[in-house]
Amino acid sequence: MGIVKNIFWGRNMNEEGVLWMADRMKKWEKLIDLLFEGITCTLKKEVDAIYKVEELIDPRDGDLLFGLLWPVGQKTHIYIKAQPDNSNIEAQTLLHEILHINFGHRKKEDDLFIQKMTDLLWDEFSESQKRMLGDFIPEEISSETPESLIEDVEEVIETLPLQNETLKLLESGEEKSIL
């Protein structure tokens, strides 16, 4: 309730003002709860795996990162840099990455908006909501990295010309060996 408390802190209000404020705070709490429910729903439906890694480097440009979304088929993998001294940073990073999905802002240029939303929501989430987000993150460090996914894709791409040639031969009915 950081924002609501900050807005009204120290003001002298009559009974009507206090009731109005209490009503607004209840509505704000409901909105925050609804947003949290949407975030956890996204985690369950759209995220296939969450990996905690020692070091996280963006395979596209070499930047050091705290978190990274990586599409895999119809789902998404999320990579989070391990923060041994502060699991709250890991949970905030997870929130940040989920907001990228929820708002459809997946480019680095959109990061400022997503970070502002992350900060706003994190301040408003209850301690139990923060813990629940953290519970989605595995405790063990993974060896899975986005780089290994790129290597897998490159291997598939290398075999495509061979597969395409095989398909052409099968379609033509020719009995040639491609080896």
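Start with a stretch to treat with care: over residues 153–164, pLDDT stays under 50, and the model has one contact beyond four places in sequence for them. Keep in mind that this is a predicted model, so confidence is worth checking before you look at any detail.

**Confidence**
- For the chain, the mean pLDDT is 76, and 65% of the residues reach 70 or more.
- Helix H1 (residues 2–8) has the lowest confidence, at a mean of 46, while helix H5 (residues 127–135) has the highest, at 94.

**The sheet and the helix across it**
- Three strands make an open sheet with mixed pairing, and their order is E1-E3-E2.
- At the edges sit strand E1 (47–53) and strand E2 (67–72), each pairing on one side only.
- Ignoring direction, neighbouring strands here are turned by 20 degrees against each other on average.
- E2 and strand E3 (residues 75–81) run antiparallel, joined by six bridges.
- Look for Leu-69, whose bridge partner in E3 is Ile-78.
- Helix H3 (residues 87–103) lies across E1, E2 and E3, and runs at about 150 degrees to E3.

**Helix H4**
- H4 (residues 111–124) has 14 residues and spans 20 Å from first C-alpha to last, close to the 20 Å expected at 1.5 Å a residue.
- Its buried residues are Ile-114, Met-117, Thr-118, Leu-121, Trp-122 and Glu-124.
- Seen down the axis of H4, these buried residues fall within an arc of 160 degrees, so they line one face of the helix.
- Leu-112, Lys-116 and Asp-123 are exposed on the other side of H4.

Technical notes:
Residues are numbered from 1 along each chain as its sequence is written. This is a predicted model: local features need pLDDT of at least 70, side-chain atom pairs count only at pLDDT 80 or more; totals for chains, interfaces and linings use all residues. Side-chain values use heavy atoms; hydrogens and water are left out. pLDDT is the predictor's confidence in each residue, from 0 to 100. Helices (H or I, at least four residues) and strands (E, at least two) are DSSP runs, numbered from the N terminus. Contact means heavy atoms within 4.5 Å. The expected span of a helix is 1.5 Å times one less than its number of residues. Buried means under 20% relative accessible area, exposed over 50%, partly exposed in between (1.4 Å probe, protein chains only). The arc is that of the directions from the helix axis to the C-beta atoms. Two strands pair if DSSP finds at least two bridges between them. Axes are lines fitted to C-alpha atoms, for helices over the stretch in contact, and angles run from 0 to 180 degrees between N-to-C directions.
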